[in-house]
Amino acid sequence: MTDSYVYAAARTPFGRFSGALAGVRPDDLAALAISGTLAKVPGLDPGEIGDVVWGNANGAGEDNRNVGRMAVLLAGLPTSVPATTVNRLCGSSLDAAIIASRTIETGDADIVLTGGVESMTRAPWVLPKPTRAFPAGDVTAVSTTLGWRLVNERMPKEWTVSLGEANEQLADRFGIPRERQDEFAARSHNLADDAWNAGFYDDLVVPVEVDGKGGTLDRDEGIRPGSTPQKLAELKPVFRPDGVITAGNASPLSDGASAVLLGSGAAAERIGADPLARIAGRGVSALDPQMFGFAPVEAANRALRSAGISWADVQAVELNEAFAVQSLACVDAWKIDPETVNAKGGAIALGHPLGASGGRILGTLAHRLRESGGRWGVAAICIGVGQALAVVLENVTEKSR
């Protein structure tokens, strides 16, 4: 079996719910991420792409009917380039990269484009079909933006609590106070602002035209520079009157897309670029649905064992910040230096468009390793309904040698 490598990554800016990207369809966002990534490898003939694996969580609106294939067509790739869409909720685009890496390692394709998209703003309301024609009573439209909907009555009630309530339970279980969560959230905003000001994201983010008149969004919309724990402490709890989770220490509803180009080592000449990082290990885990925020602990540990390394070898971690409390629970369990985690900001500041976040953390991790020269990094993400994924990257750029 051959190895698989990350060659290029790009994403759109992430917009806030009902914000600047509200007027942009998810399939158009996906096409922009694809075009932005392929622009980094101009020597690659797009017809050489063996497959496209795309992530999407909701899939109930304009992102229906295999949005990966729609994005390929809208991006102007040859119609001969195939595509599939995968759904592992928040982990969808990291799952896409994992699937692509296996495809390359088994020799089924040399070059695979991956990524994901979500417009949580444009996710529609849906009506369940009636069991008989023309019911006389009212029917309730259900939002597909986030969380459980149209729940099977056979599901135990403790499994189907809201995502916020699930994380309130994590705070209770691990004794993580509101103050730590607000400190973590403020750090995320300030590190994200610092990274943008330092130019780190200039090479990762492609602007999006937002109004048809030349206006663009060229920076993540949710970042709040100058955030402090004291300011965040003023916000009221959202899920419990006496709870610890607020709009300030949880990731916002978001819109955006990300893409990551993977290939074999032998594909470098056709791609026209040297690889950034090797996919060295993969891990998946699952536990009780309401404990989903803690699932990255075992997923990352499995990925490290797959790579043949330990946490002592890791220089950089990209952990998707669905909630500050679950991020802190994972970091505590790993017993790692918190300063290695999300050094360029995380989802609390940048945003969390469900299907796009896995591609974002993988692309960011590859670029962090290239910048620092560190050898090993971990990308991990929690997933609703009690799952998580993780990938270990090995830096193969000149700076790491």
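Predicted model: local features only at pLDDT ≥ 70, side-chain atom pairs only at ≥ 80, totals over all residues.
Figure 1. The phi of Phe134 is near 55°, a positive value in a residue that is not glycine.

Figure 2. Although Asn342 is not a glycine, its phi is positive, at about 50°. The residue belongs to the loop between α9 (324-334) and α10 (347-350).

Figure 3. Asn167 is placed in helix α4, which spans residues 163-174, and it counts as buried because its relative accessibility is 0%. A polar atom of the Asn167 side chain lies 3.0 Å from the backbone oxygen of Leu163. When neighbours within four places in sequence are left aside, the residues in contact with Asn167 are Ile245, Phe292, Phe323, Val325 and Gln326.

**Figure 4. The largest pocket and its lining.** The volume of the largest pocket is about 600 Å³. Its lining comprises 34 residues, and those closest to the centre of the pocket are Ala247, Ala250, Ser251, Pro252 and Leu253. Helices α4 and α6 (229-232) each contribute at least two residues to this lining. By residue class, the lining of the largest pocket consists of 20 nonpolar, eleven polar and three charged residues.

**Figure 5. The second largest pocket and its lining.** About 390 Å³ of space lies in the second largest pocket, and 21 residues line it. Nearest the centre of this pocket lie Leu89, Gly147, Trp148, Arg149 and Val385. The lining of the second largest pocket divides into 14 nonpolar residues, six polar residues and one charged residue.

**Figure 6. The largest cavity and the elements that line it.** The structure holds two cavities of 30 Å³ or more, and the largest of them contains about 40 Å³ of space. Ala9, Ala10, Arg11, Leu204, Ala259, Val260, Gly359, Arg360, Gly363 and Thr364 form the lining of the largest cavity. At least two lining residues come from each of β1 (4-11), β10 (254-264) and α11 (357-372), and α11 gives the most, with four residues. In terms of residue class, the lining of the largest cavity is made up of five nonpolar, three polar and two charged residues.

**Figure 7. The second largest cavity and its lining.** The second largest cavity has a volume of about 30 Å³. Lining this cavity are Pro26, Gly61, Glu62, Asp63, Ser119, Arg122, Ala123 and Pro124. Three of the lining residues of the second largest cavity are nonpolar, two are polar and three are charged.

**Figure 8. The span of residues 5-263, annotated in UniProt.** An unreviewed UniProt entry places the feature "domain: Thiolase N-terminal" at residues 5-263.

Technical notes: Residues numbered from 1 in each chain as written. Heavy atoms only, no water. Buried < 20%, exposed > 50% of the residue type's maximum accessible area, 1.4 Å probe, protein only. Polar contact = N/O pair within 3.5 Å; in protein donor to acceptor, adjacent residues only side chain to side chain. Contact = heavy atoms within 4.5 Å. 1 Å grid on protein atoms, 1.4 Å probe; cavity = no way out; pocket = protein on both sides within 12 Å on 5 of 7 lines; lining within 4 Å. Points joined across faces, edges and corners; volume = space filled by probe spheres on them. Nonpolar A, V, L, I, M, F, W, Y, C, P; charged D, E, K, R; others polar. UniProt positions renumbered as here; feature names shortened; annotations may be inferred.
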